[in-house]
Amino acid sequence: MYNQACFADNTGKIIVQEAPCGAGKSTLVDGITRLSGVEKLINMVLMTDSNKRLFDDTQSTSDYYGEFKEISKDIAFLSDGDEVTAGEWKSLVMAWLVTMSCQRYQMINDDARANACSCYRYDKVARDMLRKPRDLFAVDEKFEDVTIKDWYYSDLLRYVGVIRESIRPDSEWDENIGKTAEKAERYAMVLIADLKQEINRINQIKLPELKNKSKKDGQMHIDVYMGCADRQKEALDKTQKYWDALLPIIINIRDSIKTIKKDMRNAAENRIFSDTAKIIKKMSGKMSEKMSETIINTFRSIVKVTEDMSHGKIRSEVKDMAVDAVASAERAFALDELEKILKNNRVNMYCNMGHLRKERVLTATDFLNIFKTENKVFIQASTYGDDKYDQAGQIRVYCCKYNIDLLPYKTIKTVIYDGTASLDPVYDNKDIFHIVKYDKPKTHVKIVQMDEKTNRSYIINNMADHSLIANNMRAYFVNKIDSGEIGPGDIMVSGYLDTKKNMVNSGLTWPIDYVPNGMEPFRISSHPLATYGSAQITGTNDYKDCSYLGKIGANILPNATIFMQLACRRSDIWEKLIAMEEGNRAKQLQLIFTNNASWTGFKEEIDDCTLRTAMVAIVQEINRLRIRNWCERPEDAYKYGITVVWAWRGRKQGTYNPATEEFTEKLMRAVLEYFKVDCNNPDDYEYIPPAVCKRAEAVERKKTMIAQLEEWYDNLEPNAAFTMKDMAEAVGITRKSLNSYLSRPEYNDFLLKIRGENDCYVTKMSGRKGYVYTKPADIVYEQQTLDLASM
């Protein structure tokens with residue numbers, strides 16, 4: 001690992017070193033940073049996902065510099081917990097070692113990133129100080145490859161107001177006050193007008209129905225933000241045509257004034273002659289060689305000239321052309337011009353945004369990213385019916401940015417240290433990543449499965465059940481503590497952030513920020529609660545001596561998040577989506593964004609990515625325990641073995657037909673296989689039947705759901721009309737649950753039965769009344785005889 005980082009020539013690809021937790025990555029990185037910051041042998045940038053890890057990775061260098069760390073020009077620690085000084089920013093290109101968090105690296109502008117990734121060093125050949133790329137760019141732990149941000153339409157409009165009220169350059173003192181802000185506001189509104197055009201298009205899409213599937217009474221119109229670049233190019237072409245067409249007209253106008261003697265011209269004619277001469281000078285040469293602001297101002301000058309012209313056909317035509325030319329030019333150059341203004345005024349904007357510091361508001365980068373073609377943007381134009389699960393706004397814009405493009409791997413040797421790289425879908429692109437795997441001796445892991453329903457959506461709506469599950473888990477650990485096997489310091493507890501209060505009340509553990517009041521039950525874990533998605537799960541060593549993990553639930557990302565990540569990582573996914581017919585694409589996205597990806601053509605890719613992403617989080621979490629320690633001798637393995645008590649839905653492993661395996665069971669099986677757990681060995685795997693969320697009774701005792709539905713339908717009178725809501729109420733479940741249940745392939749025959757061929761038994765009612773099903777009348781065949789005599 002040391003040789004790979006310090007001596008190998010790896011530019012062109014990112015080297016991902018997969019060393020398990022506890023293999024000594026932090027110690028290695030600490031040594032390499034000392035070579036850079038103290039010995040001055042390597043020009044290096046180091047990034048981590050947390051300031052605490054950054055401190056651990058630079059401990060030797062920090063100790064060497066001591067109190068002079070802040071003023072030394074040899075190092076630049078930009079994420080050490082203190083405010084970054086102007087001196088630290090200036091010393092970037094001279095420092096041997098630059099360190100910062102991954103979050104800061106993504107937030108700083110392109111100029112600052114370029115400064116961090118290059119340095120000035122003396123060149124013996126040139127005999128001068130030259131700027132050159134650094135030797136090493138290292139990232140300790142995974143770099144967030146895809147950033148997904150969502151904004152309501154009102155957030156975008158509000159930011160336009162922020163632009164207007166915050167921009168005030170120093171040059172606007174005696175005159176032109178507010179001109180720059182007004183210009184930026186106008187450009188921002190041009191971009192929003194284009195977005196609005198897409199919102200209107202998406203709302204007009206006719207969503208097709210799924211064949212042989214239950215009818216959805218929800219309505220979400222969502223599609224990709226498309227055609228922005230094409231419309232910009234169209235506006236640019238139109239601008240060029242106006243440029244070419246208006247120049248000879250302006251020359252003719254000037255020449256017609258020139259024929260009039262100077263002493264015979266009135267004031268308006270003199271202004272026209274003077275202004276047209278300036279315009280002709282500006283329009284000399286190719287438009288492509290002009291600055292965009294010059295082009296726009298030139299067209300505005302033509303509009304102004306028409307105000308002095310006498311009323312008539314020529315004046316009207318020239319003015320209309322010039323006004324249209326201004327609009328086309330602003331559309332063509334709006335993004336570039338707005339970006340330039342926001343960049344030049346970022347300091348004064350910051351000084352005028354104090355009233356927004358604690359509010360959720362876009363940054364300039366957030367706003368511009370929506371309109372940049374390299375990003376993947378989805379527009380939810382409306383939400384209605386079952387698809388709307390909250391009372392928030394209907395119009396939502398999702399902007400997805402692929403951050404790997406920010407890493408300088410094409411010019412600098414770039415290394416990422418990630419203990420779960422081979423599992424993680426982040427590194428699937430072999431054109432960018434090369435994984436080098438290092439193994440260490442495996443230690444024993446036992447899994448105790450508490451078969452309870454603990455997915456987040458269920459837990460959030462059933463906190464009473466969560467309390468009972470937590471109490472049962474506490475009882476399990478109390479027995480272990482009472483028998484003397486473990487103590488409170490041996491137990492790590494993890495769960496959802498929303499369940500912090502339940503964790504305290506059940507006596508499992510306390511959140512890290514909890515202030516005890518003396519009324520809590522005794523907690524069985526002395527360590528703070530580790531919440532999913534936090535640094536406690538992925539990057540802390542606070543639990544390295546624990547031998548037990550009490551885990552309730554798992555961090556499973558929604559279908560929409562997974563799909564947006566895939567769209568950024570894999571060009572084939574994106575191209576497949578873009579190539580779809582508009583209605584089909586919108587339908588696929590509707591299903592994905594309502595967590596029904598199993599009905600789409602992206603099911604396999606989403607399921608695979610969801611499973612592996614969840615696996616990465618779980619493996620990282622389990623490796624927080626003492627299993628992370630190195631075990632050289634097999635006879636010492638017992639010192640590092642751990643037990644995971646996991647409340648997670650699923651039948652006992654090894655007892656069910658794999659063809660009927662559900663996602664939760666597949667995840668459990670994948671975790672067991674990763675840690676080489678034998679589900680048939682009681683020392684490896686223990687199954688605790690559900691005590692809170694009990695499973696449905698066997699078929700012999702109780703009819704299956706499909707049998708109940710069949711019976712209810714068969715008992716209806718001929719020509720009886722009903723809705724999916726009626727059917728759901730008849731069997732005692734929600735309509736959403738019924739739709740999900742009937743989406744399984746094995747129930748296609750029943751759906752065909754109630755819908756008929758080509759939906760002949762289904763009628764779409766007006767408005768939100770949804771779909772009405774009609775049971776067909778029984779066809780009665782009567783036997784008749786043919787009387788030949790009467791014929």
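**Exercise 1. Aromatic pairs**

Find how many aromatic pairs the whole structure holds, then classify the pair F378 and F593.

Solution. A search of the whole structure, which is a predicted model, gives 23 aromatic pairs. For F378 and F593, the ring centres are 5.9 Å apart and the planes meet at 50°. Planes under 30 degrees apart count as stacked and over 60 as edge-to-face, so the rest are tilted. The pair F378 and F593 is therefore tilted. Finally, check the accessibility. F378 has a relative accessible area of 0% and is buried; F593, at 11%, also counts as buried.

**Exercise 2. A second ring pair and its surroundings**

Classify the pair F563 and F602, and state which aromatic cluster contains these residues.

Solution. The centres of the F563 and F602 rings lie 5.0 Å apart, with the planes at 65°, so this pair is edge-to-face. F563 belongs to helix 20 (residues 559–569), while F602 is in the loop between helix 22 and helix 23 (603–622); the pair therefore ties together parts 39 residues apart in sequence. F563 is buried at 1% relative accessibility, and F602 is buried at 0%. One aromatic cluster is formed by F378, Y398, F563, W574, F593 and F602. The face of F602 also has K576 lying over it, 4.6 Å from the ring centre.

**Exercise 3. A salt bridge and its network**

Locate the partners of the salt bridge between R585 and D223, and decide whether R585 is buried or exposed.

Solution. The search of the whole structure returns 43 salt bridges. In the one between R585 and D223, the N to O distance is 2.6 Å. R585 sits in helix 22 and D223 in strand 9 (residues 219–224), 362 residues apart. R585 has 3% relative accessibility and counts as buried; D223, at 0%, is buried. Both residues take part in a network of salt bridges that links D194, E198, R201, D223, R231, R331, E582 and R585.

How values were computed:
Residues are numbered from 1 along each chain as its sequence is written. This is a predicted model: local features need pLDDT of at least 70, side-chain atom pairs count only at pLDDT 80 or more; totals for chains, interfaces and linings use all residues. Side-chain values use heavy atoms; hydrogens and water are left out. Rings of Phe, Tyr and Trp (its six-membered ring) pair if their centres lie within 6.5 Å; planes under 30 degrees apart count as stacked, over 60 as edge-to-face and the rest as tilted. Buried means under 20% relative accessible area, exposed over 50%, partly exposed in between (1.4 Å probe, protein chains only). Helices (H or I, at least four residues) and strands (E, at least two) are DSSP runs, numbered from the N terminus. A charge sits over a ring if NZ of Lys or CZ of Arg is within 6 Å of the ring centre and within 35 degrees of the ring normal. A salt bridge is a side-chain nitrogen of Lys or Arg within 4 Å of a carboxyl oxygen of Asp or Glu.
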